[in-house]
Amino acid sequence: MCGLHSLNWICVEVSLVPETQQEQDELQVTSRQLAFEYNDTPRPLKTHLLRECFRPLTVPLSFYREGEALFRDFRYVSSFRSFYYILEGFYAAGTHRNQEREFKSDSELVGAVDIALRQLAGGDHEATIGDLLDKYRKAHTSEGVLELMVLLRHDIQHYFGPARAQELAAGEAGESFRSAALLAMLVCIQVIWKKVDALQRPA
């Protein structure tokens, strides 16, 4: 496509190229750059400390760090997928089939979704998640959200054709997957803390 190999949607630069010396002399600014990034706020999970204390969580913490990094890089589809792997590893009973049933039957996971939804209440992300639930005809409940997550994962893993690929590529920086990835992150935070608490209990 005209020699274009990639687009950097995180950083936009506009340059003015003068055609005459007079224009060069009159221009005070020849280029302007606009970059987007998340503030370097404290992370809700101190993963480097947890990794040393709770080695059984090494793999899920690795997925969590990857998902968080992808989110901060505006790669929301990939971020959602990393967080989903954590939920799949803990609650899918080692199978790719009937994950909706496995997820909804686990009270710990349903409770984690309850908390995550309350954290998003009243903001734009709540409205976006609601729109996704309506689009996929799912109930506005924690169980409905889990069904939605399974369907989104299926869409990511099993798309066909260039039109579908373009739709998902656009979703990397889109609002729908931004909200879905954030919700998955909040659920994973609750889940990981529950697993930490379980490891701390006397055997």
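**Exercise 1. Which helices do the buried residues of α7 pack against?**

Solution. The model is predicted, so local features need pLDDT of at least 70 and side-chain atom pairs count only at pLDDT 80 or more, while totals for chains, interfaces and linings use all residues. Residues are numbered from 1 along each chain as its sequence is written, and side-chain values use heavy atoms, with hydrogens and water left out.

Step 1. Locate the helix: α7 covers residues 124-135. Helices (H or I, at least four residues) and strands (E, at least two) are DSSP runs, numbered from the N terminus.

Step 2. List its buried residues (under 20% relative accessible area, with exposed over 50% and partly exposed in between; 1.4 Å probe, protein chains only). They are H125, T128, I129, G130, L132 and L133.

Step 3. Find their partners by contact (heavy atoms within 4.5 Å). The buried residues of α7 pack against α6 (107-120), α8 (142-157) and α10 (175-200).

**Exercise 2. Describe the aromatic pair of Y64 and F83 and state which helices it joins.**

Solution. Step 1. A pair of aromatic rings is described by the distance of the centres and the angle of the planes. Rings of Phe, Tyr and Trp (its six-membered ring) pair if their centres lie within 6.5 Å; planes under 30 degrees apart count as stacked, over 60 as edge-to-face and the rest as tilted.

Step 1. The structure holds eight aromatic pairs. In the one formed by Y64 and F83, the centres are 5.7 Å apart and the planes make 55°, a tilted arrangement.

Step 2. Y64 lies in α3 (residues 58-72) and F83 in α4 (residues 76-91), so the pair ties together parts 19 residues apart in sequence.

Step 3. Y64 is buried at 0% relative accessibility, and F83 is buried with a relative accessible area of 0%.

**Exercise 3. Which residues form one aromatic cluster?**

Solution. The cluster consists of F80, Y84, F103 and F177.

Technical notes:
Expected span 1.5 Å × (residues − 1).
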